[in-house]
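Reader: I would like to learn how to read a model of two chains, starting from a single side chain. Where do we begin?

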Amino acid sequence: ALEFPILEKKNWLIHLHYIRKDYEACKAVIKEQLQETQGLCEYAIYVQALIFRLEGNIQESLELFQTCAVLSPQSADNLKQVARSLFLLGKHKAAIEVYNEAAKLNQKDWEICHNLGVCYIYLKQFNKAQDQLHHALHLNRHDLTYIMLGKIHLLAGDLDKAIEIYKKAVEFSPENTELLTTLGLLYLQVGFYKKAFEHLGNALTYDPINYKAILAAGSMMQTHGDFDVALTKYRVIASAVPESPPLWNNIGMCFFGKKKYVAAISCLKRANYLAPFDWKILYNLGLVHLTMQQYASAFHFLSAAINFQPKMGELYMLLAVALTNLEDTENAKRAYAEAVRLDKYNPLVNLNYAVLLYNQGEKRDALAQYQEMEKKVNLLKDSSSLEYDSEMVEMAQKLGAALQVGEALVWTKPVKDPKSKQRTTSTSKAASFQQPLGSNQALGQAMSSAAAYSKLPSVKIMISLGILEQEFKSPSLPLELEPVEACPTEAPAQIREK
Amino acid sequence: MAAASPLDFDSGKAESNEASSKWLDAHYDPLANIHTFSACLALADLHGDGESKLVVGDLGPGGQQPRLKVLKGPRVLTESPLPELPAAAATFLKDQHEPRTPALALASGPCVYVYKNLRPYFKFSLPQLPANPLEEDLWNQAKEDRIDPVTLKEMLEDIREKAEVPLSVQSLRFLQLELSEMEAFVNQHKSKAIKRQTVITTMTTLKKNLADEDAVSCLVLGTENKELLVLDPEAFTTLATMSLPSVPVFLEVSGQFDVEFRLAAACRNGNIYILRRDSKCPKYCIELSAQPVGLVRVHKVLVVGSNQDSLHGFTHKGKRLWTVQMPAAILTMNLLEQHSRGLQAVMAGLANGEVRIYHDKTLLNVIRTPDAVTSLCFGRFGREDNTLIMTTRGGGLIIKILKRTAVFVEGGGELGPPPAQATKLSVPRKTRLYVDQTLREREAGTAMHRTFQTDLYLLRLRAARAYVQALESSLSPVSATAREPLKLHAVVQGLGPTFKLTLHLQNTSTARPILGLLICFLYNEALYALPRAFFKVPLLVPGLSYPLETFVESLSDKGISDIIKVLVLREG
């Protein structure tokens, strides 16, 4: 009688080809081996399934893994792979069942626990996920488990706990740049700038071309006014990731800080070209154009930004400033009203509104806004020791004086004052934009909105640190507010009439 | 010379350009037809004539013609066919007799072939694995015809489900058969004893009791059934057996068998197990969470290459020391040992055609090769002490000799700021026109804005008017009820008198299909003739556009035209 060939004869060869990613050779050997053994060689099927999965044929791979599981039902590994394929197909519940099955065969496998945890995350059962992930960490510590655990806390919005986890993870593997960067970003969100910078710096020493870390570190440098240093850092990623909208946005704002407005506009326009729906870039574009006194362009960018982000008071304020300069007081007032309605913390909004009202002669309303502003200032004073833009304080004092001293005391003077002021403001604006008041808060907002985006893609916290600038302007004249139709503020009567 | 220029180590400049390279190009034959792995390369003075030869266990093109080749210099000295593909080759001293020429061991299938003076000397076969007693019992019953094939099948399946010991090939094959074939199969095979054979996956050598360079060594075999065997060099008996949780792929051994040794085995489950002399099973375990593609010990550090393009350094207790990212996938790894300078380093062949040499995590040298290197070996070849032998994916053979003056300087590979930091940002330029426009906007911003707004209103007004007009003349028909959102669009093709009228009907609702619609044409019967003026519409799946065709014949020869109205009606 004939001899049976040894089933596992070429397993080693299949494996060697597989780990070298020489899939063509691997498939050839597998085919040969399967022919020889009439499809009994489990390992050959197993690797074939792995290759299918790498090639994206998940359904086929699932079927093959199931064949493997039939050939040797005692193997936890086969079940794990079946579950993995199910997981990739998005059948998380089925995957959990198979993983539980596998866990019966192999009690002490961190991978099973980890993957179970990940499945539970996708099913939004965070408590179970946490239990499994902690169990996985208990069995064997892996960076990946820490990352997932941190992600759960981020999804639950618990920054402090996430930071705890990432801290432990960084202790465990201090050279993992992804962990370092994420921790740095979290610190940034919570406001520990020093620690954030430290971790981002560490990440950069291990991996000097880490996109996320450079962008975050660069934006921090920008916040402190180190535009040149930030620019040199950005150069590194500009060659690596030349099509990144946040990068060009930040570069643009660096140039803005250095008062190279044309370059700033060029960069921002590139960013806008790359990400036409990003309101932060539009915001910045509007701001730069305001500074350049191109009010008509500024109006377009700002109204576009409002269409994408109708919930931000500052945007309406800037729009109002643009409108004032375009001599449309009517709509400017509407925009201010909306800004005041939406904004809770920024006294600038009220101040600018008050100035406009005052210039229009509506003294009583101006006074109301002025008081509103004082309220906000007091509130902020209590909560934190922020310093205010000196220019703003000066303006506020002048306005206060004008309002309280009364009508008799020269109508013209205060009116002229803010006006002449405005000229200087618009040019000296750039110098003052980096006051902690504006920037930190804006950065925080940018971060939180970035975090909000990050919930949609799965694992990474993507940062798009749009550096937002605050503007402080005094008023001028009217035109109309209009492409902004989408937002609730206005429906100017003229539209209907025409 | 190279030693003088530390600049040479910058990754960008480490190419082997003639003047500053540390290597002499001794030989390059792109058509040497050698297809092998690092494990199947060995260098040894097989004849005791002071000239070291290269032993290659060649898999042949496509793994078809396995051969044992011995090269002296660039020439193939002898070539002999092998019965099976070689898994590993090793040279070792098997006894103390003079002359002290090393023996050659070649692991292939379930056997190790030992050659002395390049003549076959001994064949060691792995012992048979014990068969499952239940299975054996069943087949014995079958032999005596006490069991019918169907019951046999059920019983065997039961064993497969539960038993720890896997079934033999014979039983597995039997389980696959159809009912009709079983009888014949049982009759044919029932008299044979149940056999379970395994194969060798990897092999290495371990000094027996002395640490000397020319001490007697044992062979260490890794097998497919998750075991490690240590063989006695003279009698070829099994000295020790150790079991692993997975199938070993790469082995790395240090120490002496009789004294104390450490054995690291990289396995198929992505873990590396570390065993010691007195341990029957692994003492430490390194979980890589990736597949290892190479395992090399440099002094006391285990260097592992993973298939996620990175090199990791581990202590002998499994603690991770460092990680280095590679620019491409690692294909193979081996040890570079320069005895004269006491240097040990790791060579890694990458998929992008580079061979990188690392000492710990510092890059010492980069060799660029015309093809991706799939196997590497460094050592004494011919009469030259430091020779690097590489074979490529396409079957080429590259031999390079390390210059005697060459010194690998540590820390030379340190990277400064990335080169991109020095390049200028490509900020888009703005034209003169742009600047002029900017100036104009500053001057006449308000006017521009007003004009724009006015035009915008006019545009909207016009759009609204056009819309109303379209509605009134029903040029783009709109569904009368909200329950059936439909889009209808008609095209007339042809020169006449027969025209083709194509209606494109689309269901624009998001989810609901529409059933039971009718189409009706209203036309002047004096002018046109249609084959069917009234017909049913098929089920409309949301989103798809259904072309419905009909012919129209023009009856009049006066060139008059009229309107054909299309009505879409609901049944009932």
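Author: Begin with E36(A), which is partly exposed, with a relative accessible area of 30%. Buried means under 20% relative accessible area, exposed over 50%, and partly exposed in between (1.4 Å probe, protein chains only). This is a predicted model, in which local features need pLDDT of at least 70 and side-chain atom pairs count only at pLDDT 80 or more, while totals for chains, interfaces and linings use all residues; side-chain values use heavy atoms, without hydrogens and water. Residues are numbered from 1 along each chain as its sequence is written, and chains are lettered from A and ligands numbered from 1 in the order in which they are written.

Reader: With which residue does E36(A) form a salt bridge?

Author: A salt bridge is a side-chain nitrogen of Lys or Arg within 4 Å of a carboxyl oxygen of Asp or Glu. Here the partner is K9(A), and the closest N and O atoms are 2.8 Å apart. The pair links distant parts of the chain, 27 residues apart: K9(A) is in the segment before α1 of chain A, and E36(A) is in helix α2. Helices (H or I, at least four residues) and strands (E, at least two) are DSSP runs, numbered from the N terminus. K9(A) is buried, at a relative accessible area of 17%.

Reader: Where do E338(A) and R341(A) lie?

Author: Both are in helix α20 (residues 329-342) of chain A, three residues apart, about one turn of the helix. E338(A) is buried, with a relative accessible area of 6%.

Reader: In chain B, are R380(B) and D385(B) buried or partly exposed?

Author: R380(B) is partly exposed at 35% relative accessible area, and D385(B) is partly exposed at 45%. They form a salt bridge, with the closest N and O atoms 3.1 Å apart. Salt bridges can also join into networks, as with D77(A), K80(A), D109(A) and E111(A). Over all chains, the search finds 29 salt bridges.

Reader: How many helices and strands does chain A have?

Author: Chain A has 26 helices and zero strands. Chain B comes to five helices and 35 strands. Of the 498 residues of chain A, 57% count as buried; of the 572 residues of chain B, 49% do.

Reader: How is the size of an interface given?

Author: It is often given as the accessible area lost when the parts come together. Buried area is the accessible area (1.4 Å probe) that two parts lose on being put together, summed over both. Chain A and chain B bury about 6,400 Å² between them, 59% of it on carbon and sulfur atoms. On the side of chain A, F4(A), W12(A) and R20(A) lose the most area to chain B, together 14% of what that side buries. Counted by contact (heavy atoms within 4.5 Å), 75 residues of chain A touch 70 residues of chain B.

Reader: How many salt bridges are there between the two chains?

Author: The count is one. It joins the side chains of D309(B) and K21(A), at 3.5 Å, N to O.

Reader: What confidence does the predictor give?

Author: For the complex, the predictor gives an ipTM of 0.74 and a pTM of 0.70. Per residue, pLDDT is the predictor's confidence, from 0 to 100. Chain B has a mean pLDDT of 82, and 92% of its residues reach 70 or more. Over residues 1-18 of chain B the pLDDT is below 50.
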